[in-house]
Amino acid sequence: MNWLDTIVQGVLLGGLYALFAAGLSLVFGIMRLVNLAHGDLIVLAAYLILVIVSVLGISPFLAVTIALPLMFASGYVLQRVVLNRVLGEDILPPLLVTFGISVVLQNTMQEAFSADTRRLPPGDIGTASLQVAGLNIGVMPLLTFASAVLVIVVLNQIFYRTALGRAFRATSDDATTASLMGIRPSRIFAQATGIALMIVTIAALYLGMRANFDPSIGPARLIYAFEAVIIGGLGSLWGTLAGGVIIGVAQTVGAAINPEWQILAGHVAFLLVLLVKPRGLFPRAVD
Amino acid sequence: MALLSTHGLTARYGQFQALFGVDIELGEGECVAIIGANGAGKTTLMRSISGVLRNAPASVRLRGEEIGALPADEVMKRGISMVPEGRRLFPSLTVEENLLIGGQVRKGSGYWTLERIYALFPILAERRRNAGTALSGGQQQMVAIGRALMANPDVLLCDEISLGLAPVVIKDIYKAVPLIRESGASMIVVEQDIGQALKVADRVYCMMEGRVTLSGRPEELTREAIHAAYFGVQHA
C-alpha cells in the first residue's frame, strides 16, 4: 500500500467535503442559522443540473452556469419568505423549519425523480488522470479540490475586501446597529443564503459527477458538512477546508486499512478533534 | 417648517410605557439638547426617531414627510444618522471599516470623507488598522461619531456621547460639535451632563418619566426651573 497516494487521495476527497460544508459555514457564520436542509439542497441542485443537462443536451460544466443564478434566486427567496421569519434569539424554530424543509425536499424529489439512482455524465474528464511524482491523480478529484480552494478564496475576498462583505460582518455582529448604517439585515441574510446555494450548486456538480445520487442521500452529506465545519471552528472558512481535508484523509486511510472502516474512520477523526479542541481548530475570537 | 419633529410620540416596551406624547422640534442648522435623569425616556426617544422602535407614521416627521413607521435603514437613507448609546462599534471590523460602513449606503453631500474624519480625530488615522473595540472608550466614541458622519446626515442624533468618559476626553469630543454643525448637520444631543448640554445647544428639552417637562433657550432657563424639571422637586 502506498501511504503517500492514500493521503493525497484523502486530501483531494476533503475538497468535496469542504464544498459540502462551505455554504453551511457561511450561513452559520453570518446569521447563526443551522440549516438542516443543506444536504437536501445539494441533492436538489444535482437534480437541477441533471434536468438542464438532459433538456439542453449540454455538459454538466455548462449546465452549472445556468443552475448557479437559479439557485441564488431560490436561496434569496427561501431566506426572505421563510427563514427570516424564524430567525431570532431562540435557535429551535429555525432548526424545526429547516428540518421540515429537508423532509419536504426529499419527498418532493422522490415524487418528481423517483428513487432511482442518477449520475451526471462527467465525459472524458471522469476517467482522466495525471502522473505526478509517481502518483496517479484523477483529474476529477483534482478539479474538485481546486474548486473548493477557489470557492474559499473568493468567499474570503468577498468577506474582507468588499462592501457586501463588510455588511455581512457588521450584520453578523449587531443587526440593529447595522440597520442604523442603512443596511436591511433581512436582505443581507437573503444574499448570504443566495451565495450559500451557489456554493451548494458547485458541490452538487462534483457530487453528481463522482458518484450516484438519489433523493435520500442529503442527510448523510449534511453530516459530513457539519463535521467539516465543526472541526474547522464555527464560522471559519479556511477552517472548514481543513475540516474537510481531515475527514477525507481519515476516510481514505481508514479504507486503506480495511475497506469497511472508511465512513467510520471519518467520524472517529471528528470525535478525536473535538476531544482535543472542543471549539474546533480555528474558532472565531469574537464568539 | 421644522426640519425634524415628533408629534404626540408614544413608545412602549411590552406593558411598560416609556414615552407619553412627546413633542419636540429641530430647526434647520439647530443643535438641540435633551437632558434628563436615567430612565427619563431620552434613549427611547432617540430609538423612536431613528426607526429602531417603530411608531405611528405621523408621529415623526422629517421636512413634513411622515417617517414614524419606517424601519431604521429607511430612516437613515432619508438623512438621519445616529451615534447610539454605548457606541456599538462592530467588533469584527477595523476602525477604518467601521467608518467606511457608515457611508456605504448613503453618502449625502459628500463633505465628510475618511480624510476629513481623520483630520477631525487624528488619533483614528493612527489606529485605522486596529479592531474598533480595541480602542479606549473616548477613541471608540470618536469612531462612532465618525461612522455616523460618513453618511453626511442632515440630522445627527447623539445619544449619551459623554457617558462614562473622562472629563478631558469629553472636552475633546465636544470640540467636534461646531465643525459638525458647520458641515450642515443639525443635531440632537442627549446628555445627562446639564452643564455640557447648556453650553453646546441652541435649545434644551428636559425630560422626566417619558414626558417633556421643560423647554427653552439655555439663557432663558433658570437653575431652579431645570432642577424642578429634571428631578421633579420644587425649590422653596
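What is the mean pLDDT of chain B, and what share of its residues reach 70 or more? The mean is 93, and 99% of the residues of chain B reach 70 or more; pLDDT is the predictor's confidence in each residue, from 0 to 100. For the complex, the predictor gives an ipTM of 0.94 and a pTM of 0.92. Where pLDDT is low, the predicted coordinates should not be read in detail.

A few ground rules before we set off. This is a predicted model, in which local features need pLDDT of at least 70 and side-chain atom pairs count only at pLDDT 80 or more, while totals for chains, interfaces and linings use all residues. Residues are numbered from 1 along each chain as its sequence is written, and chains are lettered from A and ligands numbered from 1 in the order in which they are written.

Let's start with chain A. It has 11 helices and two strands; these are DSSP runs numbered from the N terminus, with helices (H or I) of at least four residues and strands (E) of at least two. Read from the N terminus, the elements go α-α-α-α-β-β-α-α-α-α-α-α-α. The radius of gyration of chain A is 19 Å, close to the 19 Å that the globule rule gives for 287 residues, so chain A is as compact as a globular protein of that length. That radius is taken over C-alpha atoms, and the globule rule is 2.2 Å times the number of residues to the power 0.38. Along its principal axes, the C-alpha trace of chain A spans about 60 × 50 × 35 Å.

Now pick out two helices of chain A, H1 (residues 3–31) and H8 (residues 185–210). They pack at an angle of about 175°, and their axes are 8 Å apart. That makes H1(A) roughly antiparallel to H8(A). Axes here are lines fitted to C-alpha atoms, for helices over the stretch in contact, and angles run from 0 to 180 degrees between N-to-C directions; under 35 degrees counts as roughly parallel, over 145 as roughly antiparallel, 65 to 115 as roughly perpendicular and the rest as oblique. On the H1(A) side the meeting residues include A:Leu16, A:Phe20 and A:Ile30, and on the H8(A) side they include A:Phe189, A:Ile195 and A:Tyr206. Contact means that the C-beta atoms of two residues, placed from the backbone, lie within 7 Å. The residues of this contact divide into 18 nonpolar, two polar and no charged. Ala, Val, Leu, Ile, Met, Phe, Trp, Tyr, Cys and Pro count as nonpolar, Asp, Glu, Lys and Arg as charged, and the others, Gly among them, as polar.

The strands of chain A are next. E1 (residues 129–132) and E2 (residues 135–138) run antiparallel and are joined by four bridges; strands pair if DSSP finds at least two bridges between them. A:Leu130 has A:Ile137 as its bridge partner in E2(A). Two residues lie between the strands of this hairpin, where A:Ala133 takes a positive phi near 50°.

Over in chain B, six strands form an open sheet with mixed pairing, in the order E8-E9-E10-E5-E11-E12. At its edges are E8 (80–83) and E12 (211–216), each pairing on one side only, and the twist averages 20° from one strand to the next. Inside this sheet, E5 (residues 31–36) and E11 (residues 203–208) of chain B pair in the parallel sense over five bridges, with B:Met207 in E11(B) as the bridge partner of B:Gly36. Helix H10 (residues 223–231) of chain B packs on the sheet and touches E5, E11 and E12; its direction makes about 40° with that of E11(B). E11(B) and E12(B) pair in the antiparallel sense over five bridges. Their hairpin has two residues between the strands, and B:Glu209 there takes a positive phi near 45°.

Chain B also has an open sheet of four strands, E4-E1-E6-E7, with antiparallel pairing. Its edge strands are E4 (25–26) and E7 (65–66).

Finally, look at where the chains meet. The contact takes 17 residues from chain A and 22 residues from chain B. H6(A) gives the most to the side of chain A that touches chain B, with seven residues. The residues of that side divide into seven nonpolar, five polar and five charged.
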